[in-house]
Amino acid sequence: MASSSLPAPAPAPAPGRAELLKAFDDKRTGVRGLVESGVSSVPELFRHPDPYGSIPLAPPGASIPVVDLSLPPHLAAAAAASAARTWGFFHLVNYHHALPAAADAADDYPARAFAAVRAFNELPAAERAPHYSRTTGGVNYSSNVDLYNSPAASWRDTIQILLGPNRCPDLADRIPAACRAEVLEWEARATAVARALLGLLSQGLGLRPEALEDASCADGKLMVCHYYPHCPEPERTMGLVPHTDPGVLTVLAQDGVGGLQVKHQDEDGKISWVDVKPVPGALVINVGDLLQIMSNDKYTSVEHRVVMNTREEPRVSIGIFFSPGKRGDSVFYGPLPELVSSENPPKYRNFTMSEFYGTFFSRDLASKALLDNFKLSS
């Protein structure tokens, strides 16, 4: 007698990328949660096709410039301007010269802030998860700000804190207690450094030292505390894809693990990735897209990325992006009027901050078209 058993049901279709992204996000524990679960390989969502093969690494010994704040101001200004023109990045040493007199040069900052950010990210998942969110509100903790827009996710988690221009009255209460005091203390120090640098970079453009700060360039502040967990397959993913920073100036503190690289074109036209190796006691400073626009291309905003490494310990960095704080539909930005003439016409059109950041957040992080949206045809 013939069998009357029914055919086996068809297997359920594999979940699509959108479903996988949502499932990852809904766990609310970030990349650190993957590591805690014991993953031995990088999940497909985080795999980048040939992440490191297209542009070679610079030869050993190549390094970004160094600017020393202990130099006389005119020499420090010349060094900062030269680095901003030719590299868009530099190490800043002896930055304690910019700090308030009450700040001790050997007070363990930013090391204390690194330790606090690491401590938060290494809390049990159940204690981190309540902080996980993609909604605005001054503070959020999540993985990959462009998670749903990028072709591949990156191996990092981030605490993001909006410090200005419109600071929430209860901002401190919204920052996780594990790192609250330390990151706010670091903000005060980094802001003093940024103000000093804006003065030097203004002078480097032949302007009054107050020119960039008068344009409110120190008033917009966004802090990002990045945590890059140990990765089981560092060659398959990235910590941060190649990108430029949108603001005026970035003040970055990085721990001793390393991984930051800057794209640089040398005098012969050769392009390579240059390791920004951690220098004890130094900060990393870079020009953002807005400063390239405001300087009318005298300063340059360059691509940079974070590569994964084989070390067992996580990498921690704390960046503060400074941008103009004066916002509104009647406030326009573009090349500074003092830098524009018939011999040096503007290379960018004017725009509001709303248009600028609206354009930035409509892209994935790796898109390189931000400046092109505001360029004038030559």
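These legends accompany close-up views of a predicted model.

**View 1. The eight-stranded sheet.**
In this open sheet, eight strands follow one another in the order β1-β2-β10-β7-β12-β5-β4-β3, and their pairing is mixed. The edges are formed by β1 (66-68) and β3 (139-142); each has a single partner strand, so one side of each is left without a neighbour in the sheet. Between neighbouring strands the average turn is 20°, with direction ignored.

**View 2**
Strand β1 runs parallel to β2 (residues 89-93), and three bridges join the pair. V66 has H91 of β2 as its bridge partner. As an edge strand, β1 has a single partner, so one of its sides lacks a neighbour in the sheet.

**View 2. The four-stranded sheet.**
Four strands form an open sheet in the order β6-β11-β8-β9, with antiparallel pairing. Here β6 (240-243) and β9 (271-275) are the edge strands; each pairs with a single strand, so one side of each has no neighbour in the sheet. From one strand to the next, the twist averages 20°.

**View 3. The β8 and β11 pair.**
Within the order β6-β11-β8-β9, this view shows β8 (residues 260-265) and β11, which pair in the antiparallel sense over three bridges. The bridge partner of V262 in β11 is H304.

R189 and E185 are joined through their side chains by a salt bridge, with an N to O distance of 2.2 Å. Both residues belong to helix α7 (residues 180-204), and because they are four residues apart, about one helical turn separates them.

**View 4. The salt bridge between R208 and E210.**
The closest N and O atoms of R208 and E210 lie 3.4 Å apart in this salt bridge. A salt bridge is counted within 4 Å. R208 is partly exposed, with a relative accessible area of 45%. E210 is also partly exposed, at 40%.

**View 5. The salt bridge between R311 and E313.**
R311 and E313 form a salt bridge in which the closest N and O atoms are 2.6 Å apart. R311 has 35% relative accessibility and counts as partly exposed. E313, with 41% relative accessibility, is likewise partly exposed.

**View 6. The largest cavity.**
The count of cavities of 30 Å³ or more comes to one. The largest cavity holds about 60 Å³ of space. By residue class, the lining of the largest cavity comprises eight nonpolar, two polar and three charged residues.

**View 7. A network of salt bridges.**
R32, E36 and R128 are linked in a network of salt bridges. Over the whole structure, the search finds 18 salt bridges.

The bond from Y109 to P110 is cis, and omega is near 10°. P110 sits in the loop that connects β2 with α4 (111-121).

The bond from G164 to P165 is cis, with omega near 15°. P165 belongs to the loop between β4 (157-164) and α6 (171-174).

**View 8. Positive phi at N144.**
N144 is not a glycine, yet its phi is positive, at about 65°. The residue lies in the loop between β3 and β4. N144 is buried, with a relative accessible area of 2%.

**View 9. Positive phi at D297.**
D297, a residue other than glycine, has a positive phi near 75°. The loop that holds D297 runs between α9 (289-294) and β11 (304-306). At 31% relative accessibility, D297 is partly exposed.

Notes
Residues numbered from 1 in each chain as written. Predicted model: local features only at pLDDT ≥ 70, side-chain atom pairs only at ≥ 80, totals over all residues. Heavy atoms only, no water. Buried < 20%, exposed > 50% of the residue type's maximum accessible area, 1.4 Å probe, protein only. 1 Å grid on protein atoms, 1.4 Å probe; cavity = no way out; pocket = protein on both sides within 12 Å on 5 of 7 lines; lining within 4 Å. Points joined across faces, edges and corners; volume = space filled by probe spheres on them. Nonpolar A, V, L, I, M, F, W, Y, C, P; charged D, E, K, R; others polar. Pairing = 2+ DSSP bridges. Axes fitted to C-alpha atoms, helices over the stretch in contact; angles between N-to-C directions.
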